[in-house]
Amino acid sequence: MFTLMHEKPTSRVRSAAQPTLARSASPLIQRAPSCACGGTCPRCMARQPLAMGSHAATPAVTGEPLSDSPEAPSVMPGQPVGTTLPGDPLPGLPAACVVKSALPFSRSGIVRSSTGSVREDFEVRVEWSNSTDRREETSYCAAECGEYHQLVKGFMKFSSNKDGSNLQDVSGKVFGGKPLDQNTFQEDGLDSNPKARYGHRNEKRTMDESYSPNRATGDKYVGRDSPGVLIGTFADFDLTFVGVLADTCNGTEKVSEPWRVSYRGVIRP
C-alpha cells in the first residue's frame, strides 16, 4: 500500500514594495478575515498576489510514489513482488522449492495376467520451482536442488503350489546389495551393474523415471514402479513405500505418507 504524499505550501510569501497611500480623513475599516485560519491556509494563500521571483509550492498528491521518492518500490510496474530482475544478484543460496507433489499420483490396483504375473503399477509426480522467485531473503528457488527418492520395506514370496505351501523368498536386493527388510525402510533401486536409484540426478537413468526437460536441471519429475511377483503359481507379497523429497543443496528431506502394495493368492486369474 502506497502512502499519499502531501507537501505543505510555504507559510510566508515575500511581498513586493507597497506604494505609499495617501492619508484619508476618515479612518480605514479593517475587515475580519472570512476564513478561520487567519489567511494562512492553502485556499487563502492562493488568493494573495505573488511577489516577483517567488513561487508557491504545488502539493504532490498521487496514488503512486514519486519517481525520486525514497519510498518508491524497487520493482518495475507489473513485476510480481518478491522476484528479481534479469541481471540482479540472486539472494543467498539455492534451495529446492516444491510447487506440487503427488506421492503417489496414480495406482492401478492389483493386476493379474494370464502370462503368470501379479503386480500393481503406480506413478509419482513432483514439480519444483526453477525461477528466481525469492523463497526467503537468504535463498532462492532452483529446481536442480530437488530430487525424488523412494524407500521400501516388506517381503515378496512365491510358491509353485496353488495352496501357497512351501513359499520361497523372491525379494531380491535393494540398492547397495542389502536384502529387502520387512521392518526397516531402505532406498529402492537396482543393485545390478550399474547400480541405480530413483531420482538421483547425478546417476545414470536406469529406472522407469524421467526429469524434464533434462535430468540436470529439470523442474518436473515422473517415476513409475510395478512391484509384484512374476514367477510361480501362488504369490504372497506385502510392500510399503514412502517418497522422499530431498533438497540436495541444503541437506534436508521431507518424507511422504506411506502407501502399501500387497497380495496373497493364486497368480493367474
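Start with Val124, which stands opposite Gly223 in β12. Val124 belongs to a pairing I want you to look at. Strand β3, residues 117-128, is joined to β12 by six bridges, and the two run antiparallel. On terms: two strands pair if DSSP finds at least two bridges between them. Strands themselves are DSSP E runs of at least two residues, helices are H or I runs of at least four, and both are numbered from the N terminus.

Now a word on what we are looking at. This is a predicted model, where local features need pLDDT of at least 70 and side-chain atom pairs count only at pLDDT 80 or more, while totals for chains, interfaces and linings use all residues. Residues are numbered from 1 along each chain as its sequence is written, and side-chain values use heavy atoms, with hydrogens and water left out.

Back to β12. Strand β11 also joins β12, through four bridges, again antiparallel. There, Ser210 has Val222 in β12 as its bridge partner.

Stay with β3 for a moment. Ser117 sits in this strand. Is Ser117 buried or exposed? Ser117 counts as buried, at 10% relative accessibility. The cut-offs: buried is under 20% relative accessible area, exposed is over 50%, and partly exposed is in between, with a 1.4 Å probe and protein chains only. The side chain of Ser117 makes a polar contact of 2.8 Å with that of Ser113. A polar contact here is a pair of N or O atoms within 3.5 Å; within protein, one must be able to donate a hydrogen and the other to accept it, and residues adjacent in sequence count only if both atoms are side-chain atoms. Leaving aside residues up to four places away in sequence, Ser117 touches Val111, Arg112, Val229, Leu230 and Ile267. Contact means heavy atoms within 4.5 Å.

Next, the disulfides. How many are there? The count comes to two, by the rule that a disulfide is a pair of cysteine sulfur atoms within 2.5 Å.

Take Cys97 and Cys141. Their S to S distance is 2.2 Å. The torsion about that S-S bond is about -85 degrees, so this disulfide is left-handed. Cys97 lies in the loop between β1 (93-95) and β2 (98-113), and Cys141 lies in strand β5 (residues 139-141), so the link ties together parts that are 44 residues apart in sequence. Both Cys97 and Cys141 are buried.

Now Cys145 and Cys249. Their sulfur atoms are 2.0 Å apart. This link is left-handed too, with -80 degrees about the S-S bond. Why does this pair tie together parts 104 residues apart in sequence? Because Cys145 is in the loop between β5 and β6 (146-159), while Cys249 is in the loop between β14 (234-247) and β15 (252-255). Cys145 is buried, at 0% relative accessibility. Cys249 is partly exposed, with a relative accessible area of 39%. Number the bonded cysteines in sequence order, and the pairing reads 1-2, 3-4.

Some backbone details. The peptide bond from Leu103 to Pro104 is cis, with omega near 0 degrees. Pro104 lies in strand β2. Ser212 and Pro213 are also joined by a cis peptide bond, with omega about 5 degrees. Pro213 is in the loop between β11 (209-212) and β12 (220-225).

Then Asn166. Asn166 is not a glycine, yet its phi is positive, about 60 degrees. Look for Asn166 in the loop between β6 and β7 (168-169). Asn166 is exposed, with a relative accessible area of 60%.

Zoom out. The protein has one helix and 16 strands. It has 269 residues, and 36% of them count as buried. Among contacts between residues at least 6 apart in sequence, 63% join residues at least 24 apart. The protein exposes about 17400 Å², with 53% of it supplied by carbon and sulfur atoms. Those areas come from the Shrake-Rupley method with a 1.4 Å probe; for residues, only the protein chains shown count as cover.

Last, confidence. The mean pLDDT is 76, and 64% of residues reach 70 or more. pLDDT is the predictor's confidence in each residue, from 0 to 100. Which stretches are under 50? Residues 49-82 are one of them, with 39 contacts beyond four places in sequence in the model. Where pLDDT is low, the predicted coordinates should not be read in detail.
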